[in-house]
Amino acid sequence: MAKEKAREQWGSKIGFILAAAGSAIGLGNIWKFPYVTGQYGGAAFILVYLICIAIIGLPVLMGEVLIGRTTHKNPVGAFAKLTKSKFWMGIGGMGVVAGFIILSYYTVVAGWALGYVYEAIAGNFYSFSAPSSAGAHFNNLIGNPFWIVGYFALFMLLTMGIVFSGVRNGIEKGSKIMMPILFLLLIILVLRGVTLEGAAKGIKYFLHPDWSRISAESVLIAMGQAFFTLSLGMGAMLTYGSYMSEKDSIPGSALSIVTLDTLIALMAGLAIFTGVFAYNLKPDAGPGLIFHTLPVVFTRMPGGYIFSILFFILLSLAALTSTISLLEVIIAYFVDEKNWERKKAVLVFGGITFLLGIPSALSFNVMSGVKFFGFNFFDFVDFTAANILLPIGGFFISVFIAYYWGFKNALPELRKGAERLFEKYPVVITFWKIFIKYFAPVLIFFVFLNSVGLLKIIRELF
Ligand code: PHE
């Protein structure tokens, strides 16, 4: 169409894969995955998680990228182009809102990672011989509003700087530099972990399934984690897909993204648990695993000074390639739909997101007494976004493809760039259809019920 401005595209297929894998790989893999695995039974939990990734994660990821690539639009524009329906545009709009919300609190935690790079370099870990003293140090830091808001602001500026430079020169170039460094750092950390004396206990924990720990709750947690870790349900993958070329294969790229994301989560778990078990610490410390338990591991391990620096750089890079994808959802919306200029949009909406995030940052200090439905502000927005908005988004994306847009329209689009694959393995299409039509919506529906506590109520009724 003559009216449409030339839209940016990824420079190469590998550029897209690295950027999308960068979005997927984040705090969800390195911070959250190891601690939920620790809380919900090690290898048994991992197996359930892998099943969720395969039967929900991969098909929904393909679906999101497909909607993006078909329309070459942001989440709102994409649904508008395919349907003209206000309802579906609203679903897209929910993604943009989720972008604001997730970016605002996720960047606060990303700021901690950055702050800990400094702590590691300054050698502040060497006084910790027990998780309780490391925990006290952490609580001291996040209890200081200047520390927390300062690093939050710094991280937001880094994110804005990359998105400011555009899709190809900012996001793609940044991902191409950061992702290989991230892989290398993680390989070094895994090697350090598995060569520690006593590492075998950690490896065993990782590989030995304890089936008695599998419950309805752990299945639902595994599913929520699959969603969050693949950046699904809010249009981040849709937006990245909108910069993709018709020449590249969606199933192939999606498989690469899922494989990389899973590999990184497993490697992070391995690096962390070998250390935790080698020093007889507890694997079930919860969200504090990285900030309370790990500093103790670094204090005790040979070469811990260097490895602690590498670890927190790894965590910061992983978070940064995710925050840029969250900001890009917002920017793509204002650039496509409201004709904003990219640079101006980044300054304005990066700034607004920063302001939105301040109450999250202050939840750990001056606002710790302020409760919303029993949560502090940070936990409230985290819960709303990750457990409500993402599952609703993912549910409607699969319902949209299977029942509204229809496979009749979707399949010819999916075939583009994947002709040879479909010729050789037509079964890929059959599986995708079954998963998108039945498995994904039904299973996501149950995650959602669980998140809002309805499952408990239903259980009590019967
Ligand atoms: N996938 C990211 C992680 O694992 C989080 C994220 C969620 C990013 C949704 C973008 C969109 O940390």
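Contact here means heavy atoms within 4.5 Å. The model under review is predicted.

1. Thr293. This residue lies in helix α13. With a relative accessible area of 3%, Thr293 is buried, because the cut-off for that class is under 20%. Leaving aside residues up to four places away in sequence, Thr293 touches Val276, Leu281, Lys282, Ala285 and Gly288.

2. Packing of α6 and α13. Two packed helices are described by the angle between their axes and the distance between the axes. For helix α6 (residues 131-142) and helix α13 (residues 289-300), the angle is about 125° and the axes are 8 Å apart.

3. Residues at the α6 and α13 contact. From α6, the contact is made by Pro131, Ala134, Gly135, Phe138 and Asn139. Helix α13 contributes Phe291, His292, Pro295 and Val296. Sorted by class, the contact of α6 with α13 holds six nonpolar and three polar residues, and no charged ones.

4. Nonpolar core. The largest nonpolar core comprises 173 residues. Ile290, Phe311, Phe312, Ile401 and Trp432 are the residues with the most contacts inside this core. Helix α14 (residues 304-338) gives the most to the core, namely 21 residues.

5. Phe311. What does Phe311 touch, not counting residues up to four places away in sequence? Its contacts are Ile30, Leu189, Ile272, Ile290, Leu294 and Phe298. Of these, Ile290 is, like Phe311, listed among the residues with the most contacts inside the largest nonpolar core.

6. Gly161. Helix α7 (residues 145-164) includes Gly161. Its relative accessible area is 39%, and Gly161 is thus partly exposed, because that class lies between the limits of 20% and 50%. Gly161 and Ile324 are 163 residues apart along the chain, and their C-alpha atoms are separated by 9.2 Å.

7. Val427. This residue is found in helix α19 (residues 427-451). A relative accessible area of 40% makes Val427 partly exposed.

Definitions and conventions: Residues numbered from 1 in each chain as written. Predicted model: local features only at pLDDT ≥ 70, side-chain atom pairs only at ≥ 80, totals over all residues. Heavy atoms only, no water. Core = buried A, V, L, I, M, F, W, Y, C linked by side-chain atoms within 4.5 Å. Buried < 20%, exposed > 50% of the residue type's maximum accessible area, 1.4 Å probe, protein only. Helix = DSSP H or I, 4+ residues; strand = E, 2+ residues; numbered from the N terminus. Axes fitted to C-alpha atoms, helices over the stretch in contact; angles between N-to-C directions. Nonpolar A, V, L, I, M, F, W, Y, C, P; charged D, E, K, R; others polar.
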